[in-house]
Amino acid sequence: MPTKRTKMLNKFGGQLTGRFLVRYLVVFSVASFFFVFTYHSYRNSVLEDLLVKSLVDGVRSTNQECRPSDKIAFMKTHKCASSTVENILFRHALRDKLNLALPSGGNYLSRVKLFHRNSVLHTKWGHLPVNVFTLHNRWNYPETIALMGKSTFTFTIIRDPVDQFESLYVYMGLNKFYGKDFIDFVRALKNNKYNVTDVNRRAVGGLFGRNQIAFDLGMSPAEFDNKPLIIKEWIEQLDKQFELVLIAEKMEQSLILLADFLCWPLEYVTHLELNARKPEMNVRLTQDERDSLAKWLNVDTMLYRHFSQRLDDHVTNFNERNKPDWMEEQMQILRRLNSQVVERCVIERVGNEKLKGKFLETSNSIMGYLIHQNVPECEFYAMSEPAYLNIFRERMAQLAAVTPRNHTFTKFW
């Protein structure tokens, strides 16, 4: 039989429990409301849609010497599949909430002049630290490191110079500048029927022309005809400035090595091929014509041979650290991951003229993608550079407005 005291305690306990439950329900209801409200606000942001799909479950690099870095400088060369690499870096910056080296307007950090950090510092977000450097410019290693810091991971991408120049010539409409279509231009070189001054002129105010890759990487046109030994010394200095040089014709191996250097899972370098020209726009040359053009593109040809060998050396080292066929296995995995992206995201590959809004690029000579936009992360694989820059400029301007000029940190948002 319960005592009188026991009955009183049970009654008091029941009252206490009841009061606690009421308070708990009230607190839980309020918390649930704020959670739902906050969650919907979160989902309404384009950026957060990507972050929900953050690819953090991939297999990490096996490189024990790799170093994760939130300071990455990519020298974006013209017509070298660099837009595909840039898209990977844009997605990385969104995923990890990093900020870009951005000028006040446009998509160039410099054009004819070498890059100078003032193009970033003299902006309304110039007091924010820079994590990712990826827009077109003319490479200036000291200025890049002065902007970003000595721990910055630096890399670039190059392409067979004959194919690169053909792509540049057709895409940029250089036939109007040189007064010849591409085939006639090459045949004039082959048959020595050209004026040296005419063919060495640079179009668009000096931006485009001979040895475009070397020009992008900082060499002056006045040095193009230096002795091979002097050019070789310049290339060796460049080799010291980049931790990795990707080769467009070996894109899979290149991106696997990039992931390996940065301790990224392979999911981070999944991609769609961006800004590729329509097949009918390509111009085929005979081998003799290719040889003649390669000889005229002397510096770019030397660059390509040097860094192609360097990439092969990296692949050899990659296999030696793992097992003989490790690169091939990783390539198969990356192909499978890319196929999954296409299956999940792509409706159809179409000409640029059929694209709209955030997917529309500036030239109808290239291909793009119709994307399943009901899958949040898909649009980021095919979104144009201007659309990305609008996102970053809006976010960085908002942060800059509330960040004191003397405030320092490595990430924003």
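Phe-380 sits in helix α16, residues 379–382. Helices here are DSSP runs of H or I with at least four residues, strands are runs of E with at least two, and both are numbered from the N terminus. At 0% relative accessibility, Phe-380 counts as buried. Buried means under 20% relative accessible area, exposed means over 50%, and partly exposed lies in between, with a 1.4 Å probe and protein chains only. Phe-380 and Leu-94 are 286 residues apart in sequence, yet 9.7 Å apart in space, C-alpha to C-alpha.

The model is predicted: local features need pLDDT of at least 70, side-chain atom pairs count only at pLDDT 80 or more, and totals for chains, interfaces and linings use all residues. Residues are numbered from 1 along each chain as its sequence is written, and side-chain values use heavy atoms, leaving out hydrogens and water.

Now the whole chain. The protein chain has 17 helices and six strands. Of its 413 residues, 51% count as buried. Take the contacts between residues at least 6 apart in sequence: 76% of them join residues at least 24 apart. Contact means heavy atoms within 4.5 Å.

Next, the interior. In soluble globular proteins, nonpolar side chains tend to be buried together. A nonpolar core is a set of buried Ala, Val, Leu, Ile, Met, Phe, Trp, Tyr and Cys residues joined through side-chain atoms within 4.5 Å. The largest such core has 101 residues. Phe-155, Trp-264 and Leu-293 touch the most other members. Helix α17, residues 385–402, gives this core its largest share, eight residues. A second, separate core holds 14 residues, among them Val-350, Val-375, Cys-378 and Ala-382.

Helix α17 has 18 residues. From first C-alpha to last, α17 reaches 26 Å, close to the 26 Å expected at 1.5 Å a residue. The expected span of a helix is 1.5 Å times one less than its number of residues. Buried residues of α17 include Tyr-388, Leu-389, Ile-391 and Phe-392. Glu-385 and Arg-393 of α17 are buried too.

Helix α12 covers residues 251–262. Its twelve residues reach 16 Å from first C-alpha to last, close to the 16 Å expected. Ten of the twelve residues of α12 are buried, so the helix is largely enclosed by the rest of the structure. Among the buried ones are Met-251, Gln-253, Ser-254 and Asp-260. What do the buried residues of α12 pack against? The partners are β1 (72–75), α3 (82–95), β3 (153–158), β4 (244–247), α14 and α15.

Leu-255 gives a view from inside α12. Leu-255 is buried, with a relative accessible area of 0%. Leaving aside residues up to four places away in sequence, Leu-255 touches Ile-88, Leu-246, Val-269 and His-271. Leu-255 and Leu-266 are eleven residues apart in sequence and 8.4 Å apart in space, C-alpha to C-alpha.

Two packed helices are described by the angle between their axes and the distance between the axes. Helix α14 (residues 298–321) and helix α15 (residues 326–345) pack at about 100 degrees, with axes 8 Å apart. Axes are lines fitted to C-alpha atoms, for helices over the stretch in contact, and angles run from 0 to 180 degrees between N-to-C directions. The helices α14 and α15 are therefore roughly perpendicular. That term covers 65 to 115 degrees. Val-315, Phe-318 and Asn-319 of α14 meet Trp-326, Met-327 and Gln-330 of α15. Four residues of this contact are nonpolar, two are polar and none is charged. Here Ala, Val, Leu, Ile, Met, Phe, Trp, Tyr, Cys and Pro count as nonpolar, Asp, Glu, Lys and Arg as charged, and the others, Gly among them, as polar.

Helix α8 spans residues 182–190. Its buried residues include Phe-182, Phe-185 and Val-186. The cover over them includes α6 (161–171), α7 (174–178), α9 (196–199) and α13. Just after α8, Asn-192 takes a positive phi of about 55 degrees.

Just after α12, Cys-263 has a phi of about 65 degrees. Lys-79 is not a glycine, yet its phi is positive, about 55 degrees. Lys-79 lies in the loop between β1 and α3. At 15% relative accessibility, Lys-79 counts as buried. Asn-275, also not a glycine, has a positive phi of about 60 degrees. Asn-275 lies in the loop between α12 and α13 (287–296). Asn-275 is partly exposed, at 23% relative accessible area.

Definitions and conventions. Angles under 35 degrees count as roughly parallel, over 145 as roughly antiparallel, 65 to 115 as roughly perpendicular and the rest as oblique.
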